[in-house]
Structure formats: C-alpha cells, structure tokens
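What follows takes the model in two parts, beginning with the ligand and then turning to the contact between chains.

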Amino acid sequence: MGFSVKRRDFLGLVGGGAIGAALSPAPWKGLDDIAIWTQNWSWKPRLPRGPVEVAFTHCGLCPAGCGLKVRSVGGNPVSIHGVPGHPSSTGFVCALGLAGRYFSYHPSRIVEPTIVGTSGQRRGISRKAAVRQLGDWLDKARSGGGHGSVAILDNHPGRVRSLAYRGWLATLDGVHIKGLREDTPINRLRTMLDGPAPELGLDIARARTVLSFGAPVLEGLGSGGAGAHLRGRSDTEKPYIVQIETRPSRTARGADLWLRIAPGTETVLALGLANILVSEGLYDKEIIAQQALDLDGPGGYRELVARFSPKQVSRITGIDAATIKKVARRFASGPAVVIPGVDPGGGPLSAEAQTAAFSLSLLNGDVGRPGGVVARRAIPQEGQLADTVELADVPDGSIRLLIVDGAAGGCAMPTSLLKRKLNPSEGRVVSLSPFERSALHGADLVIPSTTPFENIDEAGVPIDAPVDSMGLTVPSMRAPDYSVDSLSVLSMVAKSSVVPTITELLRGRSDRIHAGGRGSVFDPSKGESVPLTEFQTNGDLWRALMGGGLWTDTSAAFTCPPFRLMGANAAIRDRLPQALEQPSTADRQAREIVLMPFGWRDAPGDGPLPPVMAKLFRETRLRLDSRFATICPKTAGELGFAQGDKASIKTSLGSITVEVVLDPAVVDGVVHVAVGPSTEAFGDASPGKGDQPLDLPSCKNDDCWRVIPAKMLEVVS
Amino acid sequence: MILTQRRTTILFFIIGLVVAMLAGWIAVPAALYESIEQPLGFSHVVHTSDDAGMECDDCHHLTSEGGFAGIPKIAVCVDCHEEAIGTSVDELKLVEEYIKPGREIPWLVYARQPDNAFFPHVRHTRLAKIPCEQCHGDHGQTETLRPLKRNRFTGYSRDIWGNDFSGITTSPPFSMKMSDCVDCHRKRGVRDSCLACHK
Ligand code: SF4
C-alpha cells in the first residue's frame, strides 16, 4: 500500500502550522517589530549621538531677548529652557522660544536665492548672480534718485547690526527705516520733548498705575517675563492695571480694570482723562509750570482738553463718566506708565492718540521719575550714520531699492504700506528673510539669511527695561551653507565702503561697555550678577557675553526737558480737536461694523510657526487663527449671523472668508480677526494660501490700520 | 481506509503544529537576533571586589544636572589602568588600543532606548526608588560581558523586548517596552500621557 499525500493532509499541515505559529510568540513579535521598523526606515532623519552640552544664550526671535539655556546632543539643540534669575526675562520663555530650535528645519525655510523673472515667476539663482543683481539695482537706484532712494527696513533697530546698516547707508545717502515694534510709540514721546532726548524706557515694575491702550501687558509685553511676573505678584505689590481695549484679550481679562472702549476713540478718552487732571488740579504743577510750552494761551492744551468733558467723552467712548473720573484720580495718585500699545497685528494707535496718551505722562510728571518713563544711558558710537526714520515719515514713492532685513520684529504690517513707499516704476524690494512668507511675494529678489539660532547677534533691549543692556544670541547650531549673514551681503555689494563683520561690531560694543566701567554682568550658570569692574580685561567681558551673560547698565538721572503737551507736529495738533467729531455709540448705525485686526504676541502675521504651535491653534482652538472672526452676539444678530456661520468680511481692498465665533465680551460693532497664523497653510506661504486680514486694510495717511470700516456679508456658496 | 486517511491528516496537522511551534519558539529568535561581542572583556565582579573596592556609582553615577552618566569614559579607567595591570589579553587591549591613543571604548549598550523616548534615571531611581536591577538585571555580579543581541529587523537590543521571547518576564531584569512603562506608571498612579516620555 503506497503512501500518498492528499489535499486534506496538506490542509492539515497548514492548519497545524498556523495554530502552532499562533501558539508561539513569533507572529506577535513580528507585528511589534514591523511597527518599530516602519518608524526606523533607514532614510528617516536620526538624531546624531554625541556629547551632551549645556550652553546659555539669548533668544533672537523677538526683541524681548529672553535668556535661554540650550541643551544640545552632538552639537544639536534638543531642549530649551528659561534662565532663572535672568535680569530681564526672569526665567520666562514663550511657546515660540521653547520650540525655536525647530525653525532651522522649518518647511518654509528658503534654501536658495530666488528672483522674479520677466514672466513674473520666481526662480532660483546662484548667490553670486543674486549679489550681482543686487549690485546692479543699487547702482541704478543711486544714479536715478536722490536722498533716500536706497533704504533698509530694519525690523529690529537698535542693534549694532543696525549701526552697520546706517554706516553703509550713510555712504549712499540712504535712509534707515525702523520696522514696527512694540516700543515704536515711545519715539512719539521723544518728539514731544524740546531738544535732544535720550533713549527712553518704561519702568513698569515700579509704577503705581499702568494705563494700557491695548498693549499686551500681561501677555509678555517688553521683556517676556514681565507679564508673568506681574501676574504672579500680590495685589499690594503690583501696579494697578487699566486695560483700554475692545477685545477680551488675556490682558483685558486679567487687568484690574478693563475699559471696553468704542473702536478708535482712544484719543477722546486720553484727552478726557487729561480734562479731569487739569480741571481738578491733579497734574504735577511744578513741572508743568516750568517745562510745559503749550499749556495756556489760545489754542493751548488747557483749551483743548476743556472741550473733552466726561459727559462728552462718555458719549463717544461708551465708558461711563464716573469710571473716567475714577481712572483719572487713580492715575494721578502716583507714578504711572502710559502705554499707547502697538498690537502685534493691529499695529500702532493713530499719531494723535499716541500724543494724547503721552500728554498724560507729561502732565503727571512721570517723564524722568522712577515708576514712569526713564532714560537709558547711551554707549558712545563712532562714525557717520544715516538717519533712522519711521516708515510713516518716508515720502510715498521715494524708495528705488528697499532691502528688508530678515530679523523678526514681533509685529506684522500690511504689505500695501510698504508698497506705497516704493517708486512706482523702478522700486525694487530685496528681502533677506530666511523664511518664505506671503508678504515676500512682493520681493523682487530673496537672499536667504540665517535664523536666530544659527547666527550671532545682539538680543534686544525690551521696552520695559529701565536701563540699557547687552546680551548675545550665541549660535547653538551651524548655519547651512545656503544662508548668509545680512552684513556679508552688504559687504559683497559694497564697492568702496568697508562693512564690518557682526562679530567685530559686537566686540566693539563690548569693549566700549568695558571701557565705560558701569553696570553689572549676569552670569546665567550661577544665576547672579557681578559688578563690571570685576572684569579685568575687555576679553573677560566678551567671554562672559559669549557664555550667555547679560550686561545691564546703571540707571541715569534724567530731568525732563521742556515739552509740548500737544507735540511739535502741527498736523497732529490740528487733528486732536477733531476727535470729538466722532459719532456717539448710540448713533452708530446698525449693520455698520469695523474690522479690528489683532495679532498674537508670539505669532503675528504669516511668519513661520513651530509645529508644536499647531496644538494651540488648529487642534485645541485655544487661540483662534486668521480663519475666525470674533463678534458680539448682539452685532452678529443684527447682521444675521450665528455661531459657526461662514461670513465674508469686505473692505475697500478686498475680502476674506471667516467663520463666525460669538463672544459677548467683544465690543458692539467690532469684528476681530487675528493677523495670522494661517494654520490651514502651515509651512505653505504660496500666494493665496496665507490669506491675511492685513492684506485688506487701506492705511490712512498716518499709517494706522487699527480700525477699518468693513462690511460683513453672507457667503453664497 | 477512512480511518487511516484521518490518521494521516492528524499526523500532518501535528507535524505542522510542532514545526511551527519549534520555529516560533526556537528558530525565529535564533535567526532574529544577531550576536555582537563587546569590544573588550570586562568583569564587574573584579571591580566591585574587596580588592578593587569600587562602588557601582563610581562609574554609573547621576550627574549634578540629574542626568545619568551611563557608561564611564576612559578618563575614569585611566585612573587605575594607565599602565597594564596584569597580562590578560583584554587588559593589554584596553591599554594599547584605547587608553594610550585616548580612544573611547565603543561599548554596546544593552538597554539603549530609541531617540524619541525620554527616560530620566534620576526620577526612577531616586523618586520612585526602583532598583537598577529591575531593568538591568544583576549586572554588577557578572564575570564577563555577554554579547549584545541585536534585532536584525529593528536594530533594538533584545533586552528591550525582554530575554524571554514570549515577552512575559516574571523576574528581573524586566523588559523595557513602552507597554511596560505604561503598565508601571498606571500601577503607581504616575502620569502616563504621551508627553510624559515623548517630549
Ligand atoms: S518672548 Fe520673544 S525673545 Fe522671549 S522666548 Fe518668546 S520669542 Fe524668544
């Protein structure tokens, strides 16, 4: 009898094998290994191994310049922490700074120079060709235009890099333009002082009252840690914060008093407060008698504010007269800081609102007194420097070549504003940004620069720092070959002038500080400061700064010079009384709304965001991005909108589509839309992807886009 | 006839079952892991003996930052082995190939976790008071260093899955898979969210 294998035997063998395999760990282990294997493909990037190092530096992602402790493995940063005891940031790091190391790998990183060709398409070119092109445009701009035909827009003015820009521009008869920053309004105060004024800072920590016109005081204004510090202080220690704002921002909700003001009526409120100070004699009579140049007489300040009675002011601002009186009396009870805030997305207040607000500081005798506006001592500079001007002061159509510095200034501004300043036929824009941004689509040439963690630079001096300081953004990672330092670009095109390197400039400032012998140096590894005099040589100070140290100056006595309460600018003075011509809140037409763009302090505009921020915006909606419009239910009801509806917001320049979010805390008649980020387009800044409300505003002559008349319409699908 | 046929089928079934089980329990583990010798022989016992008088944390200590210094660098070995002590092959190799040229010894780490896992030794040993042996076994009592068994597929050390291929370990050293971490965290009422270990 022969042995033959039947189909059934074969099935038996397979069945037995299957059950046998299932009774062994092999399949389960196999599944586990496959899962791991899929995460460990050989082509996946891997963290290099290597020595673990801890270094100290400063954050260069915004002008707050927080102290950072960076832990690296094999030369690659893997974690970032704050530095406890740091004199300005006090251990604070914001969400952006914490994830700052991701920026070097960001998908919107520009990896080669690009130029807009004749067809209008952007194409890549070599760095050599890009520099040659920049040189040609520079020659053309100089030969065809006069003073100011070449300009640099510096998003982080005040650094030694800015001095190098100004030195270079001086040889070209060019202008250095200050980008918008949260400390921009303080220059308005300087223009109100008669004669040369020093650098000014706000002494928030010692103030009795903070009068904030929409400034993000508790969200990290100035030195990032200050807001956290203020929130953590007991009521008896911290200043009384009055927040004047239409939006229920974090500061508004956390302030001691939130004045929900009608949109665009800050000038009226400031002059109304001045009315009470003057009429009740609550101002600093000695200083005003000695230094005020325009209090009395026809057309004087006294005459102006007399028209802003509490009743009138209440009618226009929507804030009741008793509260206005209460705030004025509180304000006059001690040193106070007034902050005509720059919103990171909504921009500055109008020039007259800033003037009216700072007139309160002058009335109260706060300029030059601790807890008010204090002066910072200057470190002497050498060489001839081009003037620094505000963008608003640049004549329209005057710039033939605009170079935009790649630093992050912390504030967004409408592209239309820049475009207006360019010569309509020959104006060229060269951007040195390391990242693709929708705002860059107007740039004719892009030469990618380094990110803040790759290059040495000077960290900022925050608005609330009462004294000057110097800290360095010491690089914690290697800059890729395709990026270049902005000063290297200038030195490549500079034919006759010599552009110093950033290290030479920083070293020079450090040496001058050492020669001055003032102040102290904070050592982040020990968490303590030592007097500068203990540093024997200038090399010792430089090493301390390179180790993440921070030099801080001593405070300077400053006597307030003569001043003009209505400012020196005749046009602004003339506009001040016109503030009373605004309609009262009761007269506001139903269906009439204003768009008030705003920005998140660490994520304004369309700049790159680290992936972890997606949690804040896209996944949890803890923060609303530019796809949402916040409006009060009453206004929404009048306009026929409900929660979650799609709406089209139209201004004279175009429209954006948003989702309606109802919030009873928003002031009636206002719709708030965040200026970025566009989380729909994370990492994608191609045209149309990053629809920003800032593409919409039509700026008034004073370059203010805070309040924009708009219509809100149903989206017809 | 039918009975015979059924017997044959059962026989095939049993053959399949046994072969698959043998493969699953013995052949697959043997084939899955490659065995890699350590670069140098090393006896923990000799070092911790009364003669040498060393303690575990002379070499495997926590840094002042709270991190774990892991395997010592030759800077530690050089204190005693600047010149060869004895004439063993390993001793001569240590001095000639590593100490004199200043080269670090490329030790193979049995407990290496993937890069995306954050494991602070200080919290586990000081705060949770978990003995080192729980994960690493009684390493301090070994005469030699066993070869590293590396998974050909994933590159992981066998110690992560656990020495027992079934994945069921009842006595130390316990396996160090993510599920083990999660189980232990849950048992002790410690946070077990993703971000606790994957920062
Ligand atoms: S506040 Fe500015 S400087 Fe500070 S961590 Fe954030 S981005 Fe960096």
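Q: Which residues are around the ligand?
A: This is a predicted model, in which local features need pLDDT of at least 70, side-chain atom pairs count only at pLDDT 80 or more, and totals for chains, interfaces and linings use all residues. Residues are numbered from 1 along each chain as its sequence is written, and chains are lettered from A. With a heavy atom within 4 Å as the criterion, the residues around the ligand are Cys59(A), Leu61(A), Cys62(A), Ala64(A), Gly65(A), Cys66(A), Val93(A), Cys94(A), Gly97(A) and Arg601(A).

Q: How does the shell around the ligand divide by residue class?
A: Ala, Val, Leu, Ile, Met, Phe, Trp, Tyr, Cys and Pro count as nonpolar, Asp, Glu, Lys and Arg as charged, and the others, Gly among them, as polar. On that basis the shell divides into seven nonpolar, two polar and one charged.

Q: What area do chain A and chain B bury between them?
A: Contact, meaning heavy atoms within 4.5 Å, takes 28 residues from chain A and 26 residues from chain B. Pro25(A), Lys29(A) and Arg49(A) supply 21% of the area that chain A buries against chain B, more than any other three residues. Counted as accessible area (1.4 Å probe) lost on being put together and summed over both parts, with 69% of it on carbon and sulfur atoms, the buried area is about 2,500 Å².

Q: How many salt bridges does the rule find across the interface of chain A and chain B?
A: The rule asks for a side-chain nitrogen of Lys or Arg within 4 Å of a carboxyl oxygen of Asp or Glu. Across the interface of chain A and chain B, the number of salt bridges found is zero.

Methods. Heavy atoms only, no water. Buried area = accessible area lost by both parts, 1.4 Å probe.
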